[in-house]
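Here is a friendly briefing for anyone meeting this structure for the first time. Take a look at the picture, then read on.

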Amino acid sequence: MTLGQRIRTILKERNMKQTEFAKSLGISANYVNLLANDKKATISETLAKLIEESYGYSAQWVLDGSG
């Protein structure tokens, strides 16, 4: 599973739009779009931890699909 697929999974399970997700994390909607469409293959550990704190998905899973 790619990073984009993991981001899309979070969005689908939370029934969220990319813009809502971006706003909740303090990042741009364009950045979320790049992630969700596999145009960007990595994210920072800080952002992964923020996703974990905000949505309960393991930071390790967000980063590399494990855990």
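Helices in this briefing are DSSP runs of H or I with at least four residues, and strands are runs of E with at least two, numbered from the N terminus. The model is a predicted one: local features need pLDDT of at least 70, side-chain atom pairs count only at pLDDT 80 or more, and totals for chains, interfaces and linings use all residues. Residues are numbered from 1 along each chain as its sequence is written, and side-chain values use heavy atoms, leaving out hydrogens and water.

**The nonpolar core**

- A nonpolar core is a set of buried Ala, Val, Leu, Ile, Met, Phe, Trp, Tyr and Cys residues joined through side-chain atoms within 4.5 Å. Here, buried means under 20% relative accessible area, exposed means over 50%, and partly exposed is in between (1.4 Å probe, protein chains only).
- The largest such core has 20 residues, and those with the most contacts inside it are I7, I10, F21, I43, I51, Y55 and V62. Helix 1, helix 2, helix 3, helix 4 and helix 5 (59-64) each supply at least two residues of this core.
- Setting aside neighbours within four places in sequence, F21 is in contact (heavy atoms within 4.5 Å) with I7, I10, L11, M16, V32, I51 and Y55.

- Helix 1 has twelve residues and reaches 17 Å from its first C-alpha to its last, close to the 16 Å expected at 1.5 Å a residue. The expected span is 1.5 Å times one less than the number of residues.
- The buried residues of helix 1 are L3, G4, R6, I7, I10 and L11. Seen down the axis of helix 1, they fall within an arc of 165 degrees, so they line one face of the helix. The arc is that of the directions from the helix axis to the C-beta atoms.
- The face of helix 1 turned away from its buried side carries the exposed residues K12 and E13.
- Helix 2, helix 3, helix 4 and helix 5 are included in what covers the buried residues of helix 1.
- An α-helix has 3.6 residues a turn, so residues three or four places apart point the same way.

- In helix 3, the residues V32, L35 and A36 are buried. They cover an arc of only 95 degrees around the axis, which puts them on the same side of helix 3. Their cover includes helix 1 and helix 2.
- In helix 4, the buried residues are L47, A48, I51 and Y55. Their arc around the axis is only 105 degrees, which puts them on the same side of helix 4. On the other side of helix 4, T46 and E53 are exposed.
- The buried residues of helix 4 pack against helix 1, helix 2, helix 3 and helix 5.

**How helix 2 and helix 3 meet**

- Helix 2 and helix 3 pack at an angle of about 115 degrees, with their axes 8 Å apart. The contact is made by Q18, T19, F21 and A22 of helix 2 and by A29, V32, N33 and A36 of helix 3.
- For these values, axes are lines fitted to C-alpha atoms, for helices over the stretch in contact, and angles run from 0 to 180 degrees between N-to-C directions.

- L3 lies in helix 1 and is buried, with a relative accessible area of 4%. Leaving aside neighbours within four places in sequence, L3 is in contact with L35, D38, K40, A41, T42, I43 and V62.
- L3 and K39 are 36 residues apart in sequence and 9.8 Å apart in space, C-alpha to C-alpha.
- W61 sits in helix 5 and is buried, with a relative accessible area of 17%. W61 and L3 are 58 residues apart in sequence and 9.2 Å apart in space, C-alpha to C-alpha.

**Positive phi values**

- N15 lies in the loop between helix 1 (3-14) and helix 2 (18-25), and its phi is near 55 degrees, a positive value in a residue other than glycine. N15 is exposed, with a relative accessible area of 70%.
- D38 also has a positive phi near 55 degrees and is a residue other than glycine. D38 is partly exposed, with a relative accessible area of 40%.
- Just after helix 4, G56 takes a positive phi of about 85 degrees.
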